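Let us walk through this structure one piece at a time. We begin with single residues and widen the view from there.

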Amino acid sequence: MDDWQRFLIAMDKSETSRRAVRYVGNMACGLAEKHIHLLHVYPEPPPDFYIKGGQLDRYQMLKDERAGLFLQDAAIILEGMGISGRDISQRICMAEGKTISQMVLDIRREGGFGTVVTGKRGVSKAEEFLFGSISNALARHARDFTAWIVG
Amino acid sequence: MIDLSYFPLRILPRLKDHPAVRSLRRQPRIWRDTSDFTSIDYGDIILVDNRYFLVVGYMREGRFGIDEQPKQWVPKVNDLETGESNILKLVFHETYSIKFEDLKVTCYRNPEKEARVLDLVRGNPAFMQGYSVLDDADNLVRILDVVQGKRMDKYLQRLGETHEEYFRDHMVGVLKRFLVAVQAIAFLHSHGLKHGDIRRDHIFVDWDSGHFSWIDFDYDFYLPERPYAMDLFGLGNCLLYIVGRRNFRGQDVLEDPELGEKVYASLRMEDMSLLARDRVFNLKKVYPYIPERLNDILMHFAAGTSVIYDTVDEFHDELADCIASL
């Protein structure tokens, strides 16, 4: 079991992600030792992206720029709750050749994060069948770590 | 007078004698660049991979109940050197959306993906065979063997007079062959590839051996978190058709004299397809003799399910256990 005080927050720009950030802030602010990693993983471009003249570096730059804003916003929330900037890190990456949840799980393992946190959108069974659910995937794979799903 | 003298000698005998050329009132044209496939006509020749393919017709395809339209990007051809019949697939970057109630999935034609599938499954009888080459304008042309078989849905209609007879005498054998086809899809997924258009008419039953072969791999979907969801959905629909030997909408149940109002009134929303709400998945209400275990697999694709299949492997393993118990 990895160190539970190392938190990985898998997030997007949604309000539920911000709730997850505040939840972790509340739980972690009293801990002497902690680290909070803010992570946003975005998908590869659609199959017709290149045919339409799309360029991968431009796609990634746009995604990075947008995600950079809400990750920065999350860091400000955490610092406002008394978490030192030294205990916060950020990463934005593309899920290359894998699903977003697989990428999150890989980063969790590599970084030794004992607690993975994400917001829950609340999707129908049909939506889950077609589009998946990151929170359900994380909960299903939570074997050597703890998953917090924030509603 | 048609002048064929500028064609290579090796193709002349077949070219001169072919009805598609004899009936022409103009010079046959040679297409080395297939970008403008709508201009390629009956009696023209497509030259790729140093093979001269005479266009003798077009494949047709219709969604069920809709008139079949010729697909101009899929000409039927004859190799003028060997006489072999083939099907060519030319590059056609079509995009459209499939709607499931308020959910929308964008669908693409992806020639590169089909080419990768063809490479991967070479020699595997569970798949249509062929290879791909670039034409002079770098279009990825797929050269396909003609599948020697019959569409599965039409094949099933000939097995048994009644559903009960089909169920008793034939269904287990069909399911066993379908299981091999499901395993073949799992094999694609294990290599990061999807079929993309799994439907009951995209399985062909081999004339001689009766094994199932998948055809048509050029569709692709953008479902980053569930890349194989549409394949799974298609497999569920195929299983539904194999077990029921037809599909039932609520209206079909109502209009069937052997089912009628009583069965129709028993149908609930949770008995219908998770994604297409007019399709009955709880076949046990239609055919009470269907084993519970088999019906349970179908119900994982129904609106009332609490657990969905995550992978084709899960679906395959449950189906294999179920077949073994029948």
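B:Thr95 lies in strand 6 of chain B, residues 95–100. Helices (H or I, at least four residues) and strands (E, at least two) are DSSP runs, numbered from the N terminus. This is a predicted model, in which local features need pLDDT of at least 70, side-chain atom pairs count only at pLDDT 80 or more, and totals for chains, interfaces and linings use all residues. Residues are numbered from 1 along each chain as its sequence is written, while chains are lettered from A and ligands numbered from 1 in the order in which they are written.

How exposed is B:Thr95? It has 15 C-beta neighbours inside 10 Å and so counts as partly exposed. The scale is simple: a residue is buried if 20 or more other C-beta atoms lie within 10 Å of its own, exposed if 12 or fewer, and partly exposed in between, with C-beta atoms placed from the backbone. Leaving out residues up to four places away in sequence, B:Thr95 touches A:Asp48, B:Thr106, B:Cys107 and B:Tyr108. Two residues are in contact if their C-beta atoms, placed from the backbone, lie within 7 Å. B:His202 is 107 residues from B:Thr95 in sequence, and their C-alpha atoms are 20 Å apart in space.

Now turn to B:Asp220. This residue sits in strand 13 of chain B, residues 219–221. Neighbours within four places in sequence aside, B:Asp220 is in contact with A:Pro47, B:Tyr108, B:Asn110, B:Lys113 and B:Gly196. B:Asp220 and B:Val105 are 115 residues apart in sequence, yet 10 Å apart in space, C-alpha to C-alpha.

Those contacts lead to the interface. How many residues of chain A are in contact with chain B? There are 20 of them, and they meet 21 residues of chain B. On the side of chain A that touches chain B, helix 3 (100–111) and helix 4 (125–131) of chain A each supply at least two residues. The largest share, seven residues, comes from helix 4 of chain A. By type, this side of chain A divides into eleven nonpolar, four polar and five charged residues. Here Ala, Val, Leu, Ile, Met, Phe, Trp, Tyr, Cys and Pro count as nonpolar, Asp, Glu, Lys and Arg as charged, and the others, Gly among them, as polar.

Consider chain A as a whole. It has five helices and five strands. Along the sequence they follow the pattern β-α-β-α-β-α-β-α-α-β. The radius of gyration of chain A is 16 Å, close to the 15 Å that the globule rule gives for 151 residues, so chain A is as compact as a globular protein of that length. The radius is taken over C-alpha atoms, and the rule is 2.2 Å times the number of residues to the power 0.38. The C-alpha trace of chain A spans about 50 × 30 × 25 Å along its principal axes. Of its 151 residues, 32% count as buried. Among contacts in chain A with a separation of 6 or more, 80% are between residues 24 or more positions apart.

Chain B has eleven helices and 13 strands. Its C-alpha atoms fill a box of roughly 70 × 45 × 35 Å, taken along the principal axes. Of the 326 residues of chain B, 36% count as buried. For chain B, residues 24 or more positions apart account for 58% of the contacts with a separation of 6 or more.

Within chain B, look at one helix pair. Helix 6 (residues 171–190) and helix 11 (residues 312–325) of chain B pack at an angle of about 160°, with their axes 9 Å apart. Axes are lines fitted to C-alpha atoms, for helices over the stretch in contact, and angles run from 0 to 180 degrees between N-to-C directions. Helix 6 and helix 11 of chain B are therefore roughly antiparallel (an angle over 145 degrees). The contact includes B:Val172, B:Leu175 and B:Leu179 from helix 6 of chain B, and B:Phe315, B:Leu319 and B:Ile323 from helix 11 of chain B. The residues of this contact divide into eleven nonpolar, three polar and two charged.

Two loop residues remain. Most residues other than glycine have a negative phi. B:Asp49 has a positive phi, near 55°. Its loop runs between strand 2 (45–48) and strand 3 (51–61) of chain B. B:Arg245 also has a positive phi, near 60°. B:Arg245 is in the loop between helix 7 (229–244) and helix 8 (250–255) of chain B.

Key. Parallel < 35°, antiparallel > 145°, perpendicular 65-115°, else oblique.
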